Structure formats: structure tokens, C-alpha cells
Amino acid sequence: MFNVQKVKDACVEWIRDFFEKNGNGCNAIVGISGGKDSSVVAALCVEALGKDRVIGVLMPCGVQHDIDCAYALVNHLGIKHYVVNVKDAIEGLKTNLPKELELTAQSTSNIPPRVRMTTLYAISQSCNGRVANTCNLSEDWVGYSTRYGDSVGDFSPLSRLTVAEVKQIGHLLGLPTELVEKTPIDGLCGKTDEDNLGFTYAELDRYIRTGEIEDLEKKKLIDTKHKNNLFKLELMPCFEPEF
């Protein structure tokens, strides 16, 4: 059974301990999308460190139709925030790549998350900060993240918690229901996470925690994604010379 109170309290203490050991007095820098993950991470950091040590960064790419959710979150928590529109940086990079290079769809879709992470670290290193990773276990399980983009950070409160568990923590923290239950989208391609994945988070969460799933085609899809994306969760391979 998932004891939401126990896990939430332990996570708050874990964040405090991380900052005591890895930047006592530093600020938590959180990329704010307005979805459940960034909302829960920001709220956990506020409880652990106080709102004066949490900085939200909103990073629309041009016009973001749900940007009001991100503003609602930073206003609800009362945290300082910056807004950095990443569209010009993304377009500038694509424009200046070699003309004969034809970008693949995957390469094109991965540029924005990497530009956003560059933005977070630029702000973090200018604000005595540590960057929060906001990925959850469900996303990581099937590789639904960009390597060296949203998959990185200095500390990760949610990477061992499923979507369902993150939602429970969000409700316990008193976050607005519309943020906790907001349909997850990446804010870039216009599709929902579940549209892109081919299965629901409820199906994925149940499979992760119990191994149970009725649809064998979805099981195959989840297993394939998990196997193919395990490298994202490992450290970079290093050559070990023998002396």
C-alpha cells in the first residue's frame, strides 16, 4: 500500500538533506510547465526549503496555450519566477545548423527540451541554485524524456514514483486540482503524453507496480520502450584503462 503522507514527509526530508550536503543555502530551480510533476516538485521544495529559496522558470516556445497553468502554480506557491521564451533560441539553432543537414523528426523534437535545460542551468548558476529534475518513474520507465534535456538535473524527487503516486502527493500538498489532474502534454507538439505513448499512465502504473496488464499488445509496446530506453537511466560509459 502507498502511504502518501509517509512518502511525502520522507521526500521533504530528503530534499532538505540534499541541500545541506550539496549547497547549503542554495536555491531550488524548477522548470514550471503547469503540469502535475513540476507543480509537485515545486511544492515539495517550498515545504522543504521555504518559498524564498524556490525559483520557478516558465519557458514557453512562442505562444503556449496553457501557460496560465504555470502562472497559477507560481502564484499559488508565492514563489519568485522568471519567464524565458525559448522560441528564438530554438529557431536560431536550427537556422544555423549546416544547410545540407536534414534534421530528423526526433532531432527536431529533442532540441526544445535541451534548450530549456540550458536555460535552467544558466539561471541556476546565476542564482546560486540547484536544478530540480521533474521526471517521474512512469515516464522514465518507457523513456518518455529527452536525454540531456528534461531527463537531467541536480536532484530528482519524483523519479521513483509513478504518475498515480505523484498525483496523490499533489493532492496532499493542497495543490489546485486542475494542476494535479491536468492532462499531461509536452507543450511543444500539441499532443498528450498518452497519445504519444500509445497507452494510458493508469495502465503503465499498474504494470510497473504489479506486473499486470490485460492488453498484450500494450504490454509488448511498454516492454520494448523500457528495454530500448534503459540507456537513458545509466551513467555515460567510460573507458577504464588498465595500468
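Predicted model: local features only at pLDDT ≥ 70, side-chain atom pairs only at ≥ 80, totals over all residues.
**Lys36 and its surroundings**

- Lys36 belongs to helix α2, which covers residues 36–49.
- Leaving out residues up to four places away in sequence, Lys36 touches Asn136, Val163, Val166, Lys167, Leu179, Val180 and Pro184.
- Two of those contacts, Val163 and Val166, are also among the buried residues of helix α7.

- Strand β1 (residues 27–32) runs parallel to β2, and 5 bridges join them.
- In this pairing, Val30 stands opposite Gly56 of β2.
- To get from β1 to β2 the chain passes through α2, and this β-α-β crossover is right-handed.
- β2 also pairs with strand β3 (residues 80–83), again in the parallel sense, over 4 bridges.
- Here Val57 is the residue that stands opposite Tyr82 in β3.
- Helix α3 (residues 67–77) sits in a right-handed β-α-β unit with β2 and β3.

**Helix α7 and its buried face**

- Which residues of α7 are buried? In this helix, residues 163–172, they are Val163, Glu165, Val166, Ile169 and Gly170.
- Seen down the axis of α7, these buried residues fall within an arc of 160°, so they line one face of the helix.
- As background, an α-helix has 3.6 residues a turn, so residues three or four places apart point the same way.
- The buried residues of α7 pack against α1 (4–22), α2, α6 (137–141), α8 (177–180) and α10 (201–210).
- After α7 comes Gly174, with a positive phi near 80°.

**Two loop residues with positive phi**

- Asn128 has a positive phi, near 55°, although it is not a glycine.
- Asn128 lies in the loop between α5 (105–124) and β4 (129–131), and its 45% relative accessibility makes it partly exposed.
- Tyr148 is likewise a residue other than glycine with a positive phi, in this case near 65°.
- Tyr148 is placed in the loop between α6 and α7 and is partly exposed, with a relative accessible area of 47%.

**The nonpolar cores**

- The largest nonpolar core holds 38 residues, and Ile15 and Leu44 touch the most other members.
- Elements giving two or more residues to this core are α1, β1, α2, β2, α3, α7 and α8.
- Which element gives the largest share of this core? That is α2, with 9 residues.
- Leu44 touches Lys8, Cys11, Val12, Ile15, Pro157, Leu158, Ile169 and Leu173, not counting residues up to four places away in sequence.
- A second, separate core has 13 residues, including Ile29, Ile55, Ile111 and Val131.

Notes: Residues numbered from 1 in each chain as written. Heavy atoms only, no water. Contact = heavy atoms within 4.5 Å. Pairing = 2+ DSSP bridges. Right-handed = clockwise from strand over helix to strand, strands pointing away. Buried < 20%, exposed > 50% of the residue type's maximum accessible area, 1.4 Å probe, protein only. Arc of directions from axis to C-beta. Core = buried A, V, L, I, M, F, W, Y, C linked by side-chain atoms within 4.5 Å.
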